[in-house]
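Dear colleague,

I am passing on the structure below, and I would be grateful if you could look through it alongside my notes, which follow directly after it.

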Amino acid sequence: MKKAIIAALLVVTLSGQSQKKTQSFWDKLLRIAGVSATPGSLRSAEKTASGDIWLAAVAPKPVIQRITTGGGYNSPVFDLREKTVLALKGYDLYRIPTSGDPPTKLHTIAGVNKLVGVSRYDPGQLLVVIKNTQELPAAAMVSLETGVLTVIPHDPQSRDDQILLAHLLGWERVY
């Protein structure tokens, strides 16, 4: 029996918390699915266009299925634990069943720019990029259960930390 690989597609319509640092910024972020992939190109932090989310079963005969309607979604990532897609609509975080059932609004996350991925070691945690109080990008974890946002401290003077933040802000990944 052949297994189908499912991929999320976004069809585009044109249109400092302080915290004790126990692990390095890099150590924390490289535990998130999708972060360690090399970006095909780095882009600015500008908001991308939005649209509906489609699934494509990658198989000898690809099947494409629209799982949202009405547009407005962006930054989709898989939640393999729940077999759903997580996506933003404005600042609202939605869980979108791959079955085609209606999306469920989970939380409103003020300042979120992008969803990055679900933690491999704590699947209830989602890595996001936000604008902090100084309007600078920052990485943060969001609890999928409670919506609590925890900023991941980094050294703004560190060139390496700035490179990783730029990587997180990029929209293209090569796997």
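In what order do the strands of the open sheet that contains β4 stand, and how are they paired? The order is β4-β5-β6-β7, with antiparallel pairing, where strands are DSSP runs (E, at least two residues) and helices likewise (H or I, at least four), numbered from the N terminus, and where two strands pair if DSSP finds at least two bridges between them. The edge strands are β4 (74-79) and β7, each of which pairs on one side only.

This is a predicted model, in which local features need pLDDT of at least 70 and side-chain atom pairs count only at pLDDT 80 or more, while totals for chains, interfaces and linings use all residues. Residues are numbered from 1 along each chain as its sequence is written, and side-chain values use heavy atoms, with hydrogens and water left out.

Within this sheet, β4 is joined to β5 (residues 84-89) by 4 bridges, and Val 77 stands opposite Leu 86 in β5. Likewise, 4 bridges join β6 (residues 92-97) to β7 (residues 104-108), with Arg 95 opposite Thr 104; in the hairpin of β6 and β7, which has 6 residues between the strands, Gly 100 takes a positive phi near 95 degrees.

A further open sheet, also antiparallel, has the order β8-β9-β10-β11. Because β8 (112-118) and β11 (149-151) each have a single partner strand, one side of each is left without a neighbour in the sheet. Between β8 and β9 (residues 125-131) there are 5 bridges, and Val 112 has Ile 130 as its bridge partner.

Best regards
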